[in-house]
Amino acid sequence: MMKIAPSILSADFANLARDVQTVEAGGADYLHIDVMDGQFVPNITFGPSMVAALRPVTKLVLDCHLMIEAPERFVAEFAKAGADILTLHVESTPHIYRALQMVKAAGVKAGVVLNPGTPLEQIKNVLPLVDQVLVMTVNPGFGGQTFIPAMLSKVKRLDQLRQTNDYHFDIEVDGGVSDQTVKACADAGTDVFVAGSYVYGAADPAQQIQSLRNIVATND
């Protein structure tokens, strides 16, 4: 079953609780929280305090995407704040296996992330450990970018590896997800769809969430 994860990067920060509750009522499954440190990516966004502030106002799964250098430094803080999933970039630490073990030890689901230019081979050794693999379908750091179709081959290969080895991770895509791209992502094997500007850039976010579901369901 597809899971839709609206990204609060595209929400109205002055009315964030309202916007979170809007997508929850509209049928979202996860809330995607893009954590950026100005080092790993050129933008700066949220920290553990944002997760802690959102936790009491929503029952959605808090899917925290850490676009930060040496993410293992902050695993305990995000876990304490109420994160449900922590996804870490393989490019952000030389100790990705240890960092993911730390996430699991903190009682949080662990995910690993691949930038568009990073080959799938770099995460093969951690696939038995993770609960989620996030394939970036844009360059990380900014919302509103154009989907990179070539990344679908990564999703397909991940799905093949998952089936061949009986792995149990979800495949997530982040970047440029819309009514124009969601079907191709689903066909490739995607389970979790991060949608920012497509959902929050519309007058009715709930309708946008339902439209993504309808497109995938209609073509199944």
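Asp 63 turns up in strand β3, which spans residues 61–67; strands here are DSSP E runs of at least two residues, and helices are H or I runs of at least four, numbered from the N terminus. The model is predicted, so to speak of local features takes pLDDT of at least 70 and side-chain atom pairs count only at pLDDT 80 or more, while totals for chains, interfaces and linings use all residues. Residues are numbered from 1 along each chain as its sequence is written, and side-chain values use heavy atoms, with hydrogens and water left out.

Asp 63 is buried (under 20% relative accessible area, 1.4 Å probe, protein chains only). No salt bridge goes with it, meaning a side-chain nitrogen of Lys or Arg within 4 Å of a carboxyl oxygen of Asp or Glu. The nearest side chain of opposite charge belongs to Lys 3, 10.0 Å away; Lys and Arg count as positive, Asp and Glu as negative, and His and the chain ends are not counted.

What Asp 63 does have is a side-chain to side-chain polar contact with Gln 132, at 3.3 Å (N or O atoms within 3.5 Å, one able to donate a hydrogen and the other to accept it; residues adjacent in sequence count only if both atoms are side-chain atoms). Setting aside neighbours within four places in sequence, the residues in contact with Asp 63 include Ala 5, Tyr 30, His 32 and Glu 172, with contact meaning heavy atoms within 4.5 Å.

As for the sheet, 8 strands form an open one in the order β1-β8-β7-β6-β5-β4-β3-β2, with parallel pairing (at least two DSSP bridges between two strands). Its edge strands are β1 (3–6) and β2 (30–36).

Conventions:
Buried < 20%, exposed > 50% of the residue type's maximum accessible area, 1.4 Å probe, protein only.
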